[in-house]
Amino acid sequence: MTKVLIKAPFKADHVGSFLRTEPIKEARKSFSNGTIDEEALKAVEDQEIEKLVQKQIETGLKSITDGEFRRSWWHLDFLAGLKGVEFFESEYVSHFQGAKTRNNAIKVVGKIDFDQHYMIDHFKFLKQAVDKFGDGSQVAKFSIPSPNMLFTRIQGDDYYQENREQFYHDTVAAYQKAIQAFYDAGCRYLQLDDTSWIDFVSEERIEAVVEKLGMDVRDIIKTRVNCINEVISGKPEDLLITMHICRGNFRSTFITSGGYEHISDAIFADLKVDGLFLEYDDQRSGDFEPLKNFKRADQYVVLGLITSKHPELEDQETIKARIKEASQYIPLENLALSPQCGFASTEEGNLLSEDEQWNKIKHIIELANNVWGSI
């Protein structure tokens, strides 16, 4: 039987996370102070995720997520669920402009592997909800951090400190298992979130990563590309894998600024992902010229022209003009529209209301219908 490929990324798509609802916030607070147990917390999460799935469908989205409602962090929760990785409380170092995160971190304490990860059950619940409330035109989308988010985080006392090559191979093998596990659970739209590319958006950051690793920048970029490509090399034909790249997103702040000039060859010519979600909501992301290295007719670029950081709706004509400008480098049919990032990369969320969040989503859908005739 011929496998049916999903039509994603959709012309109106999104990165995945949504603002946590009040019942979620209250339940997490009650769980942390011991008022309710894990089973009661899960019951609230289940209920709120089902409501979120219905809201996404009613609003008109085709890619449906669980909003990352069960997570505290977009990346650490998944990574800490791998064998050989643990949470710990680090000395606080702020990377964001004008905002203070919690000091949670991860450390590698043993051989990296993937086995019985709890987020497989998270995906299964999401898919059941999409099947229950959808009409068959929607797809359950799940986001996990890129393998580079683990491979690039080695610390001075980590397990692999003396053997980065083995760290690389074990990370790749674990992620290959993860991708197959999500596929076996029914996942057909998987997104890899990867902020490690901010190492190359400015000369200052390039100098810092070169000094830290003692490698030529071209070799560093090549290693990160190869890490992704090896991880997805054996993916099933009907599994769509995209990558999201941004410059940080916490409480409507960011980590750094800079364009895609230094990595455009790598991400457009060398990366084998099916689509790229690129941050483009303000001047911090540079211009569209790096898009000129786009090569593949079967790859899609989702322009993050709508900000998830602030409630004001972007002028429609301005967004249309920017899409037209981008189409000078990439055919319009290979482009799509989304927010530049999620609305809540951590459970704290960005500085806008739930109503304002949904107005953003409706804005994207309306724009996509105007530009492409459908989403």
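This is a predicted model: local features need pLDDT of at least 70, side-chain atom pairs count only at pLDDT 80 or more; totals for chains, interfaces and linings use all residues.

Colleague: At what angle do α2 and α4 pack, and how far apart are their axes?
Modeller: The angle is about 45°, and the axes of α2 and α4 are 10 Å apart.

Colleague: Why is the pair α2 and α4 called oblique?
Modeller: Angles under 35 degrees count as roughly parallel, and 65 to 115 as roughly perpendicular. The pair packs at about 45°, and α2 and α4 are therefore oblique to each other.

Colleague: Which residues make the contact of α2 with α4?
Modeller: From α2 come Asp46, Ile49, Glu50, Val53, Gln54 and Ile57, which meet Phe125, Leu126, Ala129, Val130, Lys132 and Phe133 of α4. Sorted by class, this contact has eight nonpolar, one polar and three charged residues. The crossing of α2 past α4 is right-handed.

Colleague: α2 also meets α11; what are the angle and the axis distance there?
Modeller: The axes of α2 and α11 cross at roughly 35° and come within 10 Å. This crossing is right-handed.

Colleague: What makes the contact of α2 with α11, residue by residue?
Modeller: On the α2 side are Leu52, Lys55, Gln56 and Thr59, and on the α11 side Trp358, Ile361, Lys362 and Ile365. They divide into four nonpolar, two polar and two charged residues.

Colleague: What about α10 and α11: how do they pack?
Modeller: Helix α10, residues 316-326, packs against helix α11, residues 354-372, at an angle of about 55°, with their axes 11 Å apart. Roughly perpendicular begins at 65 degrees and roughly parallel ends under 35, so α10 is oblique to α11. α10 passes α11 in a right-handed crossing.

Colleague: Which residues of α10 and α11 are in contact?
Modeller: Gln316, Ile319, Lys320 and Ile323 of α10 make the contact with His363, Glu366, Leu367, Asn370, Val371 and Trp372 of α11. By class, five are nonpolar, three polar and two charged.

Colleague: Now the empty space. How do you know that space is left between atoms?
Modeller: A probe the size of a water molecule is rolled over the atoms, and this shows where empty space remains.

Colleague: How many cavities of 30 Å³ or more does the structure hold?
Modeller: One. The largest cavity has about 40 Å³ of space. What makes it a cavity is that a 1.4 Å probe fits there but cannot get out.

Colleague: Which residues line the largest cavity?
Modeller: Its lining consists of Gly16, Thr65, Asp66, Glu68, Arg71, Lys141, Phe142 and Ser143. One is nonpolar, three are polar and four are charged.

Colleague: What volume does the second largest pocket have, and which residues are closest to its centre?
Modeller: The volume is about 650 Å³. Closest to the centre, among the 25 lining residues, are Arg28, Phe31, Leu41, Glu45 and Arg70.

Colleague: Which helices supply at least two residues of the lining of the second largest pocket?
Modeller: They are α1 (22-32), α2 (38-59) and α4 (119-133). α1 gives the most, with eight residues.

Colleague: How does the lining of the second largest pocket divide by class?
Modeller: It has 16 charged, six nonpolar and three polar residues.

Notes: Residues are numbered from 1 along each chain as its sequence is written. Side-chain values use heavy atoms; hydrogens and water are left out. On a 1 Å grid over the protein atoms alone, a cavity is a set of points where a 1.4 Å probe fits but cannot get out, and a pocket is an open set with protein on both sides within 12 Å along at least five of seven lines; lining residues have an atom within 4 Å of a point. Grid points are joined across faces, edges and corners, and a volume is the space filled by probe spheres set on the points. Helices (H or I, at least four residues) and strands (E, at least two) are DSSP runs, numbered from the N terminus. Ala, Val, Leu, Ile, Met, Phe, Trp, Tyr, Cys and Pro count as nonpolar, Asp, Glu, Lys and Arg as charged, and the others, Gly among them, as polar. Axes are lines fitted to C-alpha atoms, for helices over the stretch in contact, and angles run from 0 to 180 degrees between N-to-C directions. Angles under 35 degrees count as roughly parallel, over 145 as roughly antiparallel, 65 to 115 as roughly perpendicular and the rest as oblique. A crossing is left-handed if the near helix is turned anticlockwise from the far one by less than a right angle, and right-handed if clockwise. Contact means heavy atoms within 4.5 Å.
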